[in-house]
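Take a look at the protein chain below. This briefing goes through its elements, its core and its contacts.

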Amino acid sequence: MSELLPCPFCGVWNNLSVKHDDGLSWVKCHGCGATGPETTKYSGDDGEPVTDWNTRAQQAKPVVDDAMVDRALIAWIGPLWSLLKDHTVKRLKRDMAMTLTAALSTGE
Ligand SMILES: [Zn+2]
């Protein structure tokens with residue numbers, strides 16, 4: 001199988017697979033559940049779905065930066081922000097970055 005670029009939504013690179021069903025093929029990220037783009041042009045060597053996945057991954061721009069994540073978390077948590085432990089802050093920042101990235105990528 002051709003090399004797959006990391007998931008443009010969550011950054012996972014080692015848990016991706018090509019799926020086939022009902023004449024369609026696509027790449028699935030097992031980190032966040034992102035799929036696609038779907039193609040009917042499966043050639044037997046996973047070429048087309050991998051190419052489509054990699055094209056989208058290359059086009060994806062990092063639209064969420066650290067400042068955006070901080071503003072979203074402060075707005076969400078409010079004054080309690082300063083009471084959180086470092087490891088909790090780190091996890092919340094990662095989760096918020098993934099959530100914002102996914103939301104902005106799908107327009108939801
Ligand atoms: Zn993902």
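**Helix α2**

Helix α2 covers residues 66-77, and at 1.5 Å a residue its 12 residues should span 16 Å; the end C-alpha atoms lie 16 Å apart, which agrees. The expected span is 1.5 Å times one less than the number of residues. Just after α2, G78 takes a positive phi of about 75°.

This is a predicted model: local features need pLDDT of at least 70, side-chain atom pairs count only at pLDDT 80 or more, and totals for chains, interfaces and linings use all residues. Residues are numbered from 1 along each chain as its sequence is written.

**Elements**

- The protein chain has 3 helices and 2 strands.
- Their order from the N terminus is β-β-α-α-α.
- Helices (H or I, at least four residues) and strands (E, at least two) are DSSP runs, numbered from the N terminus.

**Core**

- Of the 108 residues in the protein chain, 15% are buried (20 or more other C-beta atoms within 10 Å of the residue's own, with C-beta atoms placed from the backbone).
- The largest nonpolar core has 10 residues, including L4, F9, W26 and W53.
- Such a core is a set of buried Ala, Val, Leu, Ile, Met, Phe, Trp, Tyr and Cys residues joined through C-beta atoms within 7 Å.
- β2 (24-29) and α1 (47-59) are the elements that give two or more residues to this core.
- β2 gives the largest share, 3 residues.

**Contacts**

- Leaving aside neighbours within four places in sequence, C7 is in contact (C-beta atoms, placed from the backbone, within 7 Å) with V12, L16, C29, G31, C32 and A34.
- Among contacts in the protein chain with a separation of 6 or more, 44% join residues 24 or more positions apart.

Methods. Buried ≥ 20, exposed ≤ 12 C-beta atoms within 10 Å, placed from the backbone. Contact = placed C-beta atoms within 7 Å.
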